[in-house]
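I opened this model to go through its fold piece by piece. My entries follow in the order I looked things up.

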Amino acid sequence: MCSSGAVVNLGHADPPIKIDKAWINDVPVTHPGAAVDIYIGASLMSETRPFKYGGGHIIEDLIAGKELDLRATAYGTDCYPRTRVETSITKEDLNQFILLNFRNAYQRYGCAVNGREETIYTYMGKLLPKYGNAHYSGGGELNPLTNDPSYRTIGIGTRIFLGGGIGYIIGEGTQHSPGNRFGNIMVKGDAKQMSEEFIHGASFTGYGTSLYVGIGVPIPLLSPDIAEKAAIRDREIVTEIIDYGIPRRDRGNLALTNYEELKSGKIYVYDRRVKVSSLSSLRHAEKICELLKKWITEGKFNLTSPVERLPVEREFKPMKQVANKSKREVAA
Amino acid sequence: MTRLLIKFDNETVEKPITSEVILKHKIPLNILSARIDQNGGEILADVPPNRLEEIINAFRTRGVTAEEPRLIEKDDALCIDCGACVSLCPVDAYTLDEDYAVVLESEKCLGSTCGLCIESCPREALSLK
């Protein structure tokens, strides 16, 4: 997902620098904090190869052990006199390399189609005109939050499989909206011990770059009720078909479908059969389930109780937009 | 049947060469897809394998190239089996196997006359051979 990224501490240069602007492999990374801390957002794009290479690719490359170019500029202060630095980095050179994702693993997601006369390019992939194809995302019955929909075992502190290593849920994700089954999680983990098999940079033509993140959440079956909820099947997970050709926040729903139908490869829009395919890798989802199960049975992965459960109620508000604000400013 | 890619430049594309070849040689040429742009055009067709040489020569003598099709190639080292390409393919050349791995059946692919899938791949794993 696009709301993924990594916090990196570069270590101090000599003389030291308080970074103002920084680029890794020509991707302008953000500098949210102190001197040499940076945040590599997955959706930041290279200035020289936009839409082809971005923050997500940097994270994958670092995890894979590659050496990347870093350059940074600064305005210079008495305590941080340096104004420019150019060097190369690998994950071994970094003090911290922490995957920190604001929003991951949506409980379910709407299926995207395009009712326009022309092809459109979206974060739900390339959508052909006149409902020519459809894309969905999420693992359906393999999705963690769908298996524990009232979040009885999932919350802050839950230890999880993250990108081939161990990570933690640190709370609800941004836009967590449990009331309509759009819950999601915020996660973090040490990216140095992750594997490029489960972290992949992605480039969506005409939209931008992103990051594929492999996540597995163990659900302890502590009661018959939790077990029953975890036994949910694809056909029971209903989701909407949405026309991404409508350039508005509320696009309305064309129809309802479920993950069994989505995984069958065909849905129906206005009684017409439309080919549908996934944007999430179901193969990786199954692989993660098996691997996490193996870690648990071999004693390599211990389950944790959440310190606090994810909220089951949360309002999801639209942006407050003030009409004619610029005109009012002029009048004032 | 064998697949053949017939390529026209921006002069030959305006002439009824395909009809001429079909009528003169009485060849059952099954056109699978075609594409025209400012540089000319391409036709992907199924032809009887026993008459392949005759067909190639018939086109070549009229100034038209006939060669092996340029199909889509999937780089398995880059592919993560997401499936973004699957719903875009008009001839169902992509399928998911029982392990949800994306499989490309090249014999179905329309290659350079289609190419709808290439830019859909978030891993840039698809290209023309």
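Predicted model: local features only at pLDDT ≥ 70, side-chain atom pairs only at ≥ 80, totals over all residues.

**Entry 1. Ground rules.** I count two strands as paired if DSSP finds at least two bridges between them. Helices (H or I, at least four residues) and strands (E, at least two) are DSSP runs, numbered from the N terminus. Residues are numbered from 1 along each chain as its sequence is written, while chains are lettered from A and ligands numbered from 1 in the order in which they are written.

**Entry 2. The sheet.** I started with β7(A). Five bridges join β7(A) to β15 (residues 185–190) of chain A, and the two run antiparallel. Across that pair, A:Leu99 stands opposite A:Gly189 in β15(A). I then turned to β1 (residues 5–9) of chain A. Four bridges join β1(A) to β7 (residues 96–104) of chain A, again antiparallel. There A:Val7 has A:Ile98 of β7(A) as its bridge partner.

In what order do the strands of the open sheet come? I read β4-β1-β7-β15-β14-β13-β18 (chain A), seven strands with antiparallel pairing. β4 (37–41) and β18 of chain A stand at the edges; each has a single partner strand, so one side of each is left without a neighbour in the sheet. I kept one reminder for myself: strands of a sheet pair through backbone hydrogen bonds, either parallel or antiparallel.

**Entry 3. Around β13(A).** Next I followed β13(A) both ways. Four bridges tie β13(A) to β14 (residues 165–172) of chain A, antiparallel. Two bridges tie β13(A) to β18(A), also running antiparallel. Which residues partner A:Phe161? In β14(A) I found A:Ile166. In β18(A) I found A:Gly216. A:Leu162 has A:Ile215 as its bridge partner in β18(A). The hairpin of β13(A) and β14(A) has two residues between the strands, and A:Gly163 there takes a positive phi near 60°.

**Entry 4. Helix α5(A).** I checked the length of α5(A). The rule I used for the expected span is 1.5 Å times one less than the number of residues. The 16 residues of α5(A) should span 22 Å, and the end C-alpha atoms are 23 Å apart, which agrees.

Which residues of α5(A) are buried? I call a residue buried if 20 or more other C-beta atoms lie within 10 Å of its own, exposed if 12 or fewer, and partly exposed in between, with C-beta atoms placed from the backbone. The list is A:Leu282, A:Arg283, A:His284, A:Ala285 and A:Ile288. These buried residues pack against β13 (159–162), β18 (215–216) and β22 of chain A. After α5(A) comes A:Gly299, with a positive phi near 75°.

**Entry 5. A:Asn302.** I looked up A:Asn302 in the loop between α5 and β23 (308–309) of chain A. Is A:Asn302 buried or exposed? A:Asn302 is exposed, with 10 other C-beta atoms within 10 Å. Its C-alpha atom is 44 Å from that of A:Thr73, 229 residues apart along the chain.

**Entry 6. Domains.** Chain A is divided into domain 1 (5–94) and domain 2 (103–309), with bounds from an automatic or database domain assignment. Their centres, taken over C-alpha atoms, are 30 Å apart. I define contact as C-beta atoms, placed from the backbone, within 7 Å. By that test 15 residues of domain 1 of chain A are in contact with 15 residues of domain 2 of chain A. Helix α1 (residues 55–63) of chain A gives the most to the domain 1 side, with six residues.

**Entry 7. Chain B.** I found 23 residues of chain A in contact with 16 residues of chain B. On the chain A side, the elements giving two or more residues include β16 (199–204), β22 (272–278) and α5 (282–297).

**Entry 8. Whole chain.** Chain A has six helices and 23 strands. Of its 332 residues, 42% count as buried. The C-alpha atoms of chain A fill a box of roughly 65 × 60 × 40 Å, taken along the principal axes.

Key. Contact = placed C-beta atoms within 7 Å.
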